[in-house]
Amino acid sequence: MEVTAAMTREAQKNRQQRKLLRTIWKHRIFYLFVIPGVVWFIVFCYLPLYGLTLAFKDFSYAGGIFGGKYAGLTYFKQFFDYYLSTDIIRNTVVISFLKLIIGFPAPIILAIMLNEVKNHAFKRSLQTISYLPYFVSWVVVVTLLNRLLTTDGGPVNEMLHSLGLKPIMFMGNVDWFYPLIIGSFVWKTIGWNSIIYLAAIAGIDPELYEAAKIDGASRLRQMWHVTLPGIRDITIILFILGIGSLMSAGYEQMLLFKNPATEAIGSVLDTYSIEAGIKQGRLSYATAVGFFQSAIAFILILVVNRIGKKVSDVSLF
Amino acid sequence: MLRKFSFFSITNYALLLLLAFCMVYPFVYILAYSLNDGLDSMKGGISFWPRQFTLENYIEVFKDPAIMNAYKITIARTVVGTLTHLIVTTLFAYALSKRTLPGRNFISFFIFIPTIFGGGFIPYFILMQRLHLYNSFWVYIIPALYNFFHIVVMRTFFQQIPPELEESAKIDGYGDVAIFLKIILPLSGSVISVIAIFMGVSHWNDWFTGTFFISDKNLVPVQTLLQEMLTRSEALLDAVKRASQFGGNTMSPAGTQAVRITPESLRMAVLAIATVPILVIYPFFQKHFVKGALLGSVKG
């Protein structure tokens, strides 16, 4: 009895395997579509991931990513011994934290404001205009800001002048550095990021608003009790994603904004890693800095994702 | 109807209009500045329109071989990069959208991992050197071929197409490739155009690759050139010097006026040309954005 059972199980397994092979063969054309992509992801995403091991090795050009002598935690130690490392970490956290607490709610507020606009054409044009900055590069934004804010005939300072105020040197100014970074970040992303909230608001059942109105809720009350709960889930997901980038201050913007005058408060992990690697040629050291950054970001995502799951059953994975 | 003009509405409209002004004004100002006589602009006082209208700044931009070459590179990489990206992304996403494809979950997971954990700049930099992409035009194209989010957006879109369509096409004797080309692609215009504009814009706007992976001046794109103009003024001075020689050689009264272009006015003209194509194109795709953004947020 047992022997025959084992045999039928064996036969079944064989049949399943053959069936799988047949399905695979039937899909051969689709594998052909996928294989170049899989190779690409291995080369351009997984090889650099493996390249992180450089942080624990002495990099040599001859050895490349795979070679090099084991160096343990030398380069991590070097970074933490570096007298500016606490400043760099602090700058990174401060800038990305400010971006999160100001840049995260801003598009939600915009979406709610836009939602209150009943004239369709007006709403649409406002939306189109608000996306505009999202589509220009950081180089353009920084060049624009330089021109607008210069004391050399820039319109902002001319306005200050006509109001009887003293001209302000905005760019390269330690006092104005963070406001400009955060301000330009919000300016560039607010419209675009509001799209998803607007779509979520549009998906709220209109009957809920009717019911709230009958209960005598004012428009502000409707927002609080209907609109905000209605976009809660998507907000949590986006917040988790936002936390994940808490260790990254936005390297493009930072690289472009920073200058010698603002070095002390503008040097962040991203820019420091690039500078140490490219300008000073300390590749293993720079990789260690980048590794530290990615690792913390990863841990942050895991932790926040877990919290999101606990609080509201919403999670990324 | 009076409710429409409540305090709440008025404040809301006023704030939104103010915001719209902040979004648009910088571009209006740049346009005015770039269309104004350079020397005159230095006096300040330009706010909404040019005071001494001239096309001189733009003419100088179009005469400068370095700037024109940068535009050529930018246009070439945008066209080639966007097309290749669309081809490989649609194919990849279409395969993943097949629910019967063995291993599709694994592949999805495999391409998702790099979005939460990456190697960072230095390993990537070494990789570019090893692959001989450093200082090659292909450094703009190949590393940008695939993108997880674009694949997910397309896959989700393809999955929404009713499978009955494909089944009936199969009965009519269509093969997998024919179904893809003749049934699926014609239905996917909106999602393809969204990805096309995302990719086109990201190619057009990219200065990072040109700055860190290119040292050959002939391969520098516009945004990188603009970034160099921002940090260094040599490039500008060269152009202005040439303009002044040109003005000085013609001994006409116009020539004695010599150069009316300043580095700043030239920079603003380059900035305008680097921006205008995008500003013209993106509103046409607006109606698709919501769909694209929504599909992109549906993960897993």
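In which helix of chain B is B:His203 found, and what can be said about the helices of that chain?

Reply: B:His203 is found in helix α10 (residues 189–205) of chain B, where helices are DSSP runs of H or I with at least four residues, strands are runs of E with at least two, and both are numbered from the N terminus. Please keep in mind that this is a predicted model, in which local features need pLDDT of at least 70 and side-chain atom pairs count only at pLDDT 80 or more, while totals for chains, interfaces and linings use all residues. Residues are numbered from 1 along each chain as its sequence is written, chains are lettered from A and ligands numbered from 1 in the order in which they are written, and side-chain values use heavy atoms, with hydrogens and water left out.

B:His203 counts as buried because its relative accessibility is 2%; buried means under 20% relative accessible area, exposed means over 50%, and partly exposed lies in between, with a 1.4 Å probe and protein chains only. Leaving aside residues up to four places away in sequence, B:His203 touches B:Arg77, B:Thr78, B:Gly81, B:Thr82, B:Tyr140 and B:Ala144, where contact means heavy atoms within 4.5 Å. By way of contrast, B:Val79, which is found in helix α4 of chain B, is partly exposed with a relative accessible area of 45%. B:Val79 and B:Tyr29 are 50 residues apart in sequence, and their C-alpha atoms are 30 Å apart in space.

Helix α9 (residues 176–187) of chain B lets you check a length: at 1.5 Å a residue its 12 residues should span 16 Å, and the end C-alpha atoms are 16 Å apart, which agrees; the expected span is 1.5 Å times one less than the number of residues. Within α9(B), B:Ile179, B:Phe180, B:Ile183 and B:Ile184 are buried. These residues cover an arc of only 125° around the axis, so they sit on the same side of α9(B), the arc being that of the directions from the helix axis to the C-beta atoms. On the other side of α9(B), B:Lys182 and B:Pro186 are exposed, whereas the cover over its buried residues includes α4 (65–97), α7 (148–160) and α8 (163–171) of chain B.

Finally, the unreviewed UniProt entry annotates residues 12–32 of chain B, among other spans, as "transmembrane region", although such annotations may be inferred rather than shown by experiment, with feature names shortened and positions given in the numbering used here. In the model, residues 12–32 of chain B are 100% helix and 0% strand, with end C-alpha atoms 30 Å apart.
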